[in-house]
Amino acid sequence: MSSSSAIDSVLTEAMPRVAAGANAAKYKDEAKVVQKTIEKNLGKNADNLLAKIRPVISGYSFKASAYGQQVPDVLRRLRSGIAPIEVLDSSGAMSPASVVAILNAGWELYKTDIDGFYGEFRGDVPKMERLANLNHLLFKAIEASEVARRWK
Amino acid sequence: MSADQSMPVSESLTSAAVLSKETLLRRLKEDLIVSPILEPSQIGDGSVDISLGTRFIRSRRAKATEINFRELDKEKIRSFQESVVVPFGEHYILHSRSFVLGCTFEFIALPLDVCGFVLSRSSYGRAGLLIATATFVHPGWRGCLTLELENLGEIPIKLHPLSAVGQLVLLNAAKLPERPKAKIIPVSPTFTTLNEDPRWKKIKALSPE
């Protein structure tokens, strides 16, 4: 059974209980009935639902370990004024940086070492233009890394 | 294309040689950036093929009668140029005897001891497409190179983003002591910055119009 059909079956199973709750006389406000019943049933089935959902979304999650593996190299390139399109992977080959790593590196640079990035520019360049240039580098990296990923 | 990042070079130039394919591959893993390399065949002996990006700057002929470099300012530049984005998979038609600024899809960062020249690929040149006039790239330069695209032929040419229209020839250079500070690190074509040339003040002082 696929994960999505497993979730469907959990929800199908819960629906009669939702309907039973909605028909109870003690609830006058239908919306409240539905809400409370859903909350109650979701609570009961939370572990089951999470067990089914986790394998589906695990490919999209970005864990702390991945942050440590991917972001520092992207950050190092960005800090020195390089659009971080590709990074060295564990095999020593260049591979497209992930969009999540690029965005996280952008935020980390902005929050922790933006003056270091600004130092790559001439003194007469306004800070707003330097910051705009950071955004342009990030945009370029996201666009080109996505093209490189699809190309390969 | 690189005046903003130029600075004096040291006297330690030993030999100006075109980098071999073996050296290019090694330097690409160390300190040379031409990214992304979509095909291994892009890297040849002495050069890396460069492809067309998606952003262009074209002139709005109806908005200007001339370009007078002496009187040029940012407002005037904006008035007769417009940016165009051509999505991947689409094309820009460059008509006969027309000119447009484009830029490389690849982001380039040269080491402090490597310089480069941008050249058209002969196969495109034979169809009438010229891609660069100011071809020298200084050591330490970073960004997407602005390409001056001109159709010298009689027949319109379709420009497709990601097509490998040019090549970047790379050579050893005298090593700079440090990376030059940037005015801008471009990722799209940049129009002339001649309006910022201090020489114009002196020219105006000598010959007021």
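The model is predicted.

**Stop 1: chain A as a whole.** Followed from the N terminus, the elements run α-α-α-β-β-α-α-α. If the residues are then coloured by burial, 23% of the 152 residues in chain A count as buried. Contacts may also be considered by their separation along the chain: of those in chain A between residues at least 6 apart in sequence, 63% join residues at least 24 apart.

**Stop 2: two helices of chain A.** Select helix H4 (residues 99–112) and helix H6 (residues 127–151) of chain A. Two packed helices are described by the angle between their axes and the distance between the axes. Here the angle is about 170°, and the axes lie 10 Å apart. Because angles over 145 degrees count as roughly antiparallel, H4(A) is described as roughly antiparallel to H6(A).

Next, show the side chains at this contact. H4(A) contributes Val99(A), Ile102(A) and Gly106(A). From H6(A) come Leu134(A), Leu138(A), Ala141(A), Ile142(A), Ser145(A) and Glu146(A). Sorted by class, the contact has six nonpolar, two polar and one charged residues.

**Stop 3: a sheet in chain B.** Move to chain B and select strands S1, S7 and S11, which form an open sheet in the order S1-S7-S11 with antiparallel pairing. Which strands lie at the edges? They are S1 and strand S11 (142–143) of chain B, each of which pairs on one side only. Strands of a sheet pair through backbone hydrogen bonds, either parallel or antiparallel. Between S1(B) and S7(B) there are three bridges, and Val34(B) stands opposite Ile108(B) in S7(B).

**Stop 4: strand S12 and its partners.** Select strand S12 (residues 146–151) of chain B together with strand S6 (residues 99–103) of chain B; five bridges join this antiparallel pair. Leu101(B) has Glu148(B) in S12(B) as its bridge partner. For Leu129(B), the bridge partner in S12(B) is Asn151(B).

**Stop 5: where the chains touch.** Finally, show both chains together. Contacts link 15 residues of chain B with 18 residues of chain A. On the chain B side, the elements that give two or more residues are strand S1 (33–35) and strand S7 (107–109). The residues on that side comprise eleven nonpolar, one polar and three charged.

Technical notes: Residues numbered from 1 in each chain as written. Chains lettered and ligands numbered in written order. Predicted model: local features only at pLDDT ≥ 70, side-chain atom pairs only at ≥ 80, totals over all residues. Contact = placed C-beta atoms within 7 Å. Helix = DSSP H or I, 4+ residues; strand = E, 2+ residues; numbered from the N terminus. Nonpolar A, V, L, I, M, F, W, Y, C, P; charged D, E, K, R; others polar. Axes fitted to C-alpha atoms, helices over the stretch in contact; angles between N-to-C directions. Parallel < 35°, antiparallel > 145°, perpendicular 65-115°, else oblique. Buried ≥ 20, exposed ≤ 12 C-beta atoms within 10 Å, placed from the backbone. Pairing = 2+ DSSP bridges.
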